[in-house]
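Good morning, and thank you for coming.

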Amino acid sequence: MAVLPVRCVPDPVLRRRAKRVTSLDGSVQKLIDDMLETMPAVSGVGLAAPQVGVSLRIVVIGLPDEEPVVMVNPEMVKRSGERTVLEGCLSVPGYQGEITRSVAVTVKARDRRGKEFRVKGTELLAQALEHELDHLNGVLYLDHLESPDKLHGIEAEEEQGL
Ligand code: CO
């Protein structure tokens, strides 16, 4: 396992639509292990493969005090409600922006062995799921800003790792 460097804007890998995973082979298992090691090392609560330079549809989510969840080829099934959140991104250091996210989402995905499962999330989990699935489509939270004045510079200790 290894802690991988996190790619930051304007790295083009962050803007690419990531490819579906077609084989859960050794290289994919190693990538998942490395993402699981990298996420806490950068104080992340979520990490998408493009953020470590790999354009594949893999996401890991690690909320505080919870077992990390590995999602291969995740798909949004349902979203409901709207709320305003202050959001940051490990790939956009030094900034936070005010955007609208869903209150609740349901995502289906495969685990690292290929078994299908669903996650229903509200609040921070819903926000993390939407944020990381956006990464797989080359979308950053910056794209959801209503206007440039909704973006603020922040100190490093206020960083929120998504
Ligand atoms: Co992010």
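Let us begin with Lys120, which counts as exposed because its relative accessibility is 69%. Please note that the model is a predicted one. Lys120 has its place in strand β7, which covers residues 116–122. Apart from its neighbours within four places in sequence, Lys120 is in contact with Val105, Thr106 and Leu125. One of these, Thr106, is also the bridge partner of Lys120. Between Lys120 and Tyr141 there are 21 residues in sequence, and their C-alpha atoms are 21 Å apart in space.

Strand β6, residues 104–110, pairs with β7 in the antiparallel sense, over 7 bridges. Both belong to an open sheet of 5 strands, with antiparallel pairing and the order β1-β2-β3-β6-β7. Which strands stand at the edges? They are β1 and β7, and each has a single partner strand, so one side of each is left without a neighbour in the sheet. On average, neighbouring strands of this sheet are turned by 35° against each other, direction ignored.

Next, the helices. Helix α1 has 16 residues and reaches 23 Å from its first C-alpha to its last, which is close to the 22 Å expected at 1.5 Å a residue. Helix α1 lies across β1, β2 and β3, and runs at about 35° to β2. Its buried residues include Val28, Leu31, Ile32, Met35 and Met39, and also Gln29 and Asp34. The buried residues of α1 pack against β1, β2 and β3. Helix α2, in turn, lies across β1, β2, β3, β6 and β7, running at about 125° to β7.

I now turn to the metal site. Which protein atoms are the donors of the cobalt ion? They are SG of Cys89, NE2 of His131, NE2 of His135 and O of Leu162, lying 2.1 to 2.5 Å from the ion. Along the chain, these donors follow the spacing C-x41-H-x3-H-x26-L. Why is the arrangement of donors irregular? The 4 donor atoms subtend angles of 99 to 140° around the cobalt ion, whereas a tetrahedral arrangement would need all angles to lie between 85 and 135 degrees.

Finally, some points of backbone geometry. As a rule, most residues other than glycine have a negative phi, and most peptide bonds are trans. Ser43 has a positive phi of about 55° although it is not a glycine. Ser43 is found in the loop between α1 and β1, and it is exposed, with a relative accessible area of 59%. Glu123 also has a positive phi, of about 50°, and is not a glycine either. Glu123 lies in helix α2, residues 123–136. The last point concerns the peptide bond from Val9 to Pro10, which is cis, with omega near 5°. Pro10 is found in the segment before α1.

Technical notes. Residues are numbered from 1 along each chain as its sequence is written. This is a predicted model: local features need pLDDT of at least 70, side-chain atom pairs count only at pLDDT 80 or more; totals for chains, interfaces and linings use all residues. Side-chain values use heavy atoms; hydrogens and water are left out. Helices (H or I, at least four residues) and strands (E, at least two) are DSSP runs, numbered from the N terminus. Buried means under 20% relative accessible area, exposed over 50%, partly exposed in between (1.4 Å probe, protein chains only). Donors are N, O and S atoms within 2.8 Å of the metal (3.2 Å for Na, K and Ca); water is not among the atoms, so sites may look incomplete. Four donors count as tetrahedral if all angles lie between 85 and 135 degrees; four count as square planar and six as octahedral if opposite donors are over 155 degrees apart and all others between 65 and 115; anything else is irregular. Contact means heavy atoms within 4.5 Å. The expected span of a helix is 1.5 Å times one less than its number of residues. Two strands pair if DSSP finds at least two bridges between them. Axes are lines fitted to C-alpha atoms, for helices over the stretch in contact, and angles run from 0 to 180 degrees between N-to-C directions.
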